[in-house]
Amino acid sequence: MESFFYDIVYPSAPLASYIKYYWILEVRDCMMIEERIIPEGSASLIFHKANPLYSPTYHTYQPQTLISGQSSGFSEVSTTEDLHMICVVFQPHGIKPFFN
């Protein structure tokens, strides 16, 4: 039986000028997940704590950790394995102090 957990966590006051929010996604015992990722205009730092997603758009698996910047179009991702992802979504220009 598939289990699904998704949450948005807002940063503490000292980080709020840099980070919009964090999101956490955990899916266990999934059959097949296919999602279209729509650009949202923010840079993100993504951690795959379990299996990385496959990108048919780019014909490759995402790395365990990746930085995603602004995109000009959508991409697609899929998996048939368990997911456990944590993502840091930055404010505009909020990533610069961390990755100058």
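Predicted model: local features only at pLDDT ≥ 70, side-chain atom pairs only at ≥ 80, totals over all residues.
Colleague: Okay, so which elements does the chain run through from the N terminus on?

Modeller: The order, read from the N terminus, is β-β-β-β-β-β-β-β-β, and the secondary structure therefore comes to zero helices and nine strands.

Colleague: And how compact is the chain?

Modeller: Its radius of gyration is 14 Å, close to the 13 Å that the globule rule gives for 100 residues, so the chain is as compact as a globular protein of that length. Taken along the principal axes, the C-alpha atoms fill a box of roughly 40 × 30 × 20 Å.

Colleague: How much of it counts as buried?

Modeller: Of the 100 residues in the chain, 33% count as buried, and in strand β8, which covers residues 75–79, four of the five residues are buried.

Colleague: Which strand do bridges join to β8?

Modeller: That is strand β3, residues 33–37, which runs antiparallel to β8 and is joined to it by five bridges; within this pair, glutamate 35 stands opposite valine 77 of β8.

Colleague: Changing topic, how far apart are the mean positions of the positive and negative charges?

Modeller: The chain has 5 positive and 10 negative charges, and their mean positions are 13 Å apart.

Colleague: What about the accessible surface?

Modeller: The accessible surface of the chain comes to about 6700 Å², and 57% of that belongs to carbon and sulfur atoms.

Definitions and conventions
Residues numbered from 1 in each chain as written. Heavy atoms only, no water. Helix = DSSP H or I, 4+ residues; strand = E, 2+ residues; numbered from the N terminus. Rg over C-alpha atoms; globule rule 2.2 N^0.38 Å. Buried < 20%, exposed > 50% of the residue type's maximum accessible area, 1.4 Å probe, protein only. Areas by Shrake-Rupley, 256 points an atom, 1.4 Å probe, with all protein chains shown as cover. Lys, Arg positive; Asp, Glu negative; His and termini not counted. Charge placed at Lys NZ, Arg CZ, Asp CG, Glu CD. Pairing = 2+ DSSP bridges.
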